Each structure stands twice: as structure tokens, then as C-alpha cells.
Amino acid sequence: MDFNVKRLAADAGTLFSRAVQFTEEKFGQAEKTELDAHFENLLTRAETTKHWTEKILKQTEVLLQPNPNVRIEEFLYEKLDKKVPTRMNNHELLGQSMIDSGNEFGPGTAYGNALIKCGETEKQIGGAERELIQSSAINFLTPFRNFLEGDFKTILKERKLLQNKRLDLDAAKTKLKKAKMADARALVSLSLNILSLFSNAVQMWAEEVTKAEQDLKMTQSEFDRQAEITRLLLEGINSTHAHHLHCLNDFVEAQMTYYAQCYQYMVDLQKQLGNFPSAFSSNNNQSTASGAASISVPILPLSGPLPANTANASSGFTELQNFSGSRKARVLYDYDAAGSNELSLLADEVIMVSSVPGMDSDWLMGERGNQKGKVPITYLELLN
């Protein structure tokens, strides 16, 4: 119990001397040991690294998860060390809605089939986004967060210890300075034989000077040791930058893979949608009494050249329209006739097609046994 009381009293005395030294420094009444310029530059660089690491980390989290409520929920699950429940992202939700609506309209119809294909592609993009988030969290966000919560906190801790050691050192310097001044005054008084009691005072202040010099030597040693520890940690920021550069390369590669996947998914979808008919409207011979409205599905333009089979098919249709005769054609998609003068089609069946003078260029005359009617050419593939 006595040891604890003495230790507590010693700690209180140390804290008090630090507070006095700090206050006197603020008011310019005490000298302050300055750190060298290289050390100050290391401190500034560490603070700058911490500032921008926090900012980059925050903005990356916003990029990967724009919903702030979801970010808060994920943060709480992480702090509670619990697994975040799996949820569909926006692309997957959109894709599922498209697939459900396509099945409702009927996968055999052009619109329903197109919705299903778009929905499947959106779900593929959602899966790619999930992989991007997972890869970025492991290879980019986690190292940045580890620096802030680990390395930089260690730097702050050692820097605070260095500040305390500096205050102890400067307090020891002040104490020694005051002891020497008092000892000098006592020697002057003794030399003047003012009082015989000053001989004892000289001895006392000489002892105080000796003790103050020992304290200064000890605090200087502790300060130098702590300064070296802090300096080594600050110089480790170079290694942190090198590690973060590697993480940045991983993040860029993950984004490149994600956007390349999305581009390829969309190119494939665009080609599939490009095979759908541009119009389901009938020609001028269709009766207007039915009151059926025309439905147009635009063909999306392709960024690259058409595949060879598509180009050959287009050439074959042009040749068929310019000359008389008939050709076999395979049906690519189901088609529901919009009028009595059109022919309903089933995917993969083979029919005979021919050109009729005056007919719209998007249509041919199709024959299946005794059945005959107009068919859209974009639903067909000519056979050799």
C-alpha cells in the first residue's frame, strides 16, 4: 500500500511538472526543446498520409455502396463481429423484375423474351459488381483501414510519449537552471559573510544542483530513446506508401475487370436484341378494322462490325427480294401473327419464303404447307 501511494504521488508530481512546463511554454516563460527539421517533415508527412487515407477510404466506400443506411448497417455488423446478411444489389433487383415481367408477358413473345434476356444480363452485372466490392474490400479498403486503426494509432501513441518526455526534459533543464542560480546567490552571500547560515544553504543548493544534473541526464536519455523510436515509426510511412501503391494497382485491376465484364455482357445483349424485328406493324394491305396498334422495337446500333453470318444473311435477303424464287429459312424466334395476312412462327422450324412485288422490305411471304402469310425477315435465317 505504501508503494502504491508513493508511486501515485510521484506520478502526480510528474504530471504537475509537465503541466507547469507546458503552461510556461505557452506564455513564453520557459524554453522549449525543438525537434530537428527532418523529424518535423516526417511528422507532417505522417499527418498528410493519415488525412488523405481517411478521405480516399471514405469516398471509396461511398463509390462501392452509395446507400448510407446500408453502409451504417454493414459497419454495425462488422463491429459486432457478425456476418452481414446477403441481399440483392440494384442490378440484381432490376434483373429479377425484368425476368418476372418477361415471364408474365410470355417468353414466347418478342417483348417477353427481350425482357428476360435483359434481366439475365442485369443479374450478371450484379454478380460482377458483387465480385468488385468483395475484391476491393479485401485488397484495397482493408489495408487502408488497417493503417488508420493500427500503424497510425501506434505513431500517435509514441508521439504522445515523446511529447511527455520532451516536457520532462525541459522541466529538468528549468529545474537545473533555477538550482544553479540559487546556488550562485548562496555562494555570493557566503563570500560576503552576511550570515553564517549560508554555509548550510550552499551545501543544500550544491546537492540540488547535483540532483538536477542527474535528473537532466536521465530525462535526456529517455527523450533521445523515445525520439529514435518515433523516428523509426515515422520513416515507416515510406513502406506504407509502397504497400498502398500495390493496393491501388489491385483496385484498378479489379475495376478494369468489372467494367470489361459489364461491357462484354452489354455487347452480347446488344447483339441478341439486334436480331429482334424493328417493326411488328403490317403492310398497307392489312385491314384497319381490327384497330390493332403498331408496335415498334428499335434495333440497337452495334459499336463494331456485324458478324459474318449476319452480313451474309442480309445479302441473301437482298438477293431474294431483288429476284423471283423461294428459299428455305429457319425461324430464330417465336412470332405471333398480328393479322390474318401474317403467318405465326415457331422457333427453329423451317419454312419457305419468297418476295412479293410491292411488299415492305422488312417482310417476306412465308409458306408452311398450305399456310401462307407475311413474316418479318429479322426473325429468319436463310438456309443454303
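1. Tyr-333 has 14%, so it counts as buried. Bear in mind that this is a predicted model.

2. On to the partner of that tyrosine. Tyr-333 and Tyr-379 make an edge-to-face aromatic pair, with 5.7 Å centre to centre and 85 degrees between the planes. The pair ties together distant parts of the chain, 46 residues apart. Tyr-333 sits in the loop between β1 (326–331) and β2 (350–354), while Tyr-379 belongs to the loop between β4 (371–376) and β5 (380–382). Tyr-379 is buried as well, at a relative accessible area of 0%.

3. Ring pairs join Tyr-333, Tyr-335, Trp-363 and Tyr-379 into a cluster. Have a look at Trp-363 while you're there: Lys-374 lies over the face of its ring, 4.7 Å from the ring centre.

4. Now the wider count. The structure has 8 aromatic pairs. One of them is Phe-147 with Phe-152, a tilted pair at 6.0 Å centre to centre and 55 degrees between the planes.

5. Are those two phenylalanines, Phe-147 and Phe-152, buried or exposed? Phe-147 has 2% relative accessibility, so it is buried. Phe-152 is buried too, with a relative accessible area of 4%.

Methods
Residues are numbered from 1 along each chain as its sequence is written. This is a predicted model: local features need pLDDT of at least 70, side-chain atom pairs count only at pLDDT 80 or more; totals for chains, interfaces and linings use all residues. Side-chain values use heavy atoms; hydrogens and water are left out. Rings of Phe, Tyr and Trp (its six-membered ring) pair if their centres lie within 6.5 Å; planes under 30 degrees apart count as stacked, over 60 as edge-to-face and the rest as tilted. Buried means under 20% relative accessible area, exposed over 50%, partly exposed in between (1.4 Å probe, protein chains only). Helices (H or I, at least four residues) and strands (E, at least two) are DSSP runs, numbered from the N terminus. A charge sits over a ring if NZ of Lys or CZ of Arg is within 6 Å of the ring centre and within 35 degrees of the ring normal.
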